[in-house]
Amino acid sequence: MNQLFARMSLLGVAAALAALGTAHAADLKKGEDLVNQGGCIACHGAGLDKPVSPTYPIIAGQPESYLFHAMQQYQAKHQTPLYGRDNPIMAGMVARFDAQQLHDIAAYVSSLKSPLYEPDKARDPRP
């Protein structure tokens, strides 16, 4: 009986982990479409690597997890220096996106070539 319970528990955990893995699988094409629809190039430039102002960041090629969490912070309801990011323009730009869309956007933007030096990617064999 204990073995049956243990196997059922392991199957349940495995199924839950599999569901979590697929729930956040990013779609680069959807991310590209969302970036184009969202007007990101208006401030960050056509390749998201040449901002129109030196005060705007280069976001192309930045780490996916950084981009995702930054966009989530812009969505924070209580934006303070301690929690969330205090930029009303970005808050308005990302307000309409759900978590999966943010993952898609972050994956796409991260996949773009960046003019910034990236020591971790310098060793990465991907083109």
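I note that the model is a predicted one.

**Entry 1. Overall make-up.** I looked up the secondary structure and found 7 helices and 0 strands in the protein chain. From the N terminus on, the order of elements reads α-α-α-α-α-α-α. I then looked up burial: the chain has 127 residues, of which 28% count as buried.

**Entry 2. Helix α2.** Which residues of α2 are buried? I found Gly-31, Leu-34, Val-35 and Gly-38 to be buried there. They cover an arc of only 100° around the axis, which places them on the same side of α2. I next looked up what they pack against, and the partners are α5 and α6. The face of α2 turned away from this buried side carries Lys-29, Asn-36 and Gln-37, which are exposed.

**Entry 3. The packing of α2 with α6.** Two packed helices are described by the angle between their axes and by the distance between those axes. For α2 (residues 28–38) and α6 (residues 99–111), I noted an angle of about 95° and axes 7 Å apart. Angles of 65 to 115 degrees count as roughly perpendicular, and α2 and α6 are therefore roughly perpendicular to each other. I listed the residues that meet: α2 brings Leu-28, Lys-30, Gly-31, Glu-32, Leu-34 and Val-35, while α6 brings Gln-101, Asp-104, Ile-105, Ala-107, Tyr-108, Val-109 and Ser-111. The residues of this contact divide into 7 nonpolar, 3 polar and 3 charged.

**Entry 4. Ala-26.** I then turned to the loop between α1 (2–23) and α2, where Ala-26 has its place.

**Entry 5. Cys-43.** Cys-43 lies in helix α3. With a relative accessibility of 27%, Cys-43 counts as partly exposed. Beyond its neighbours within four places in sequence, I found Cys-43 in contact with Pro-51, Val-52 and Tyr-56. Cys-43 and Pro-57 are 14 residues apart in sequence and 9.0 Å apart in space, C-alpha to C-alpha.

**Entry 6. Leu-48.** I found Leu-48 in the loop between α3 (41–44) and α4 (64–75). Most residues other than glycine have a negative phi. Leu-48 is not a glycine, yet I noted for this residue a positive phi of about 60°. At 1% relative accessibility, Leu-48 counts as buried.

**Entry 7. Helix α4.** I checked the length of α4: at 1.5 Å a residue, its 12 residues should span 16 Å, and the end C-alpha atoms are 17 Å apart, which agrees. I then listed the buried residues of α4 as Leu-67, Phe-68, Ala-70, Met-71 and Tyr-74. Seen down the axis of α4, its buried residues fall within an arc of 165°, so they line one face of the helix. What covers these buried residues? The cover includes α5 (88–94) and α6.

Terms used
Residues numbered from 1 in each chain as written. Predicted model: local features only at pLDDT ≥ 70, side-chain atom pairs only at ≥ 80, totals over all residues. Heavy atoms only, no water. Axes fitted to C-alpha atoms, helices over the stretch in contact; angles between N-to-C directions. Helix = DSSP H or I, 4+ residues; strand = E, 2+ residues; numbered from the N terminus. Parallel < 35°, antiparallel > 145°, perpendicular 65-115°, else oblique. Contact = heavy atoms within 4.5 Å. Nonpolar A, V, L, I, M, F, W, Y, C, P; charged D, E, K, R; others polar. Buried < 20%, exposed > 50% of the residue type's maximum accessible area, 1.4 Å probe, protein only. Expected span 1.5 Å × (residues − 1). Arc of directions from axis to C-beta.
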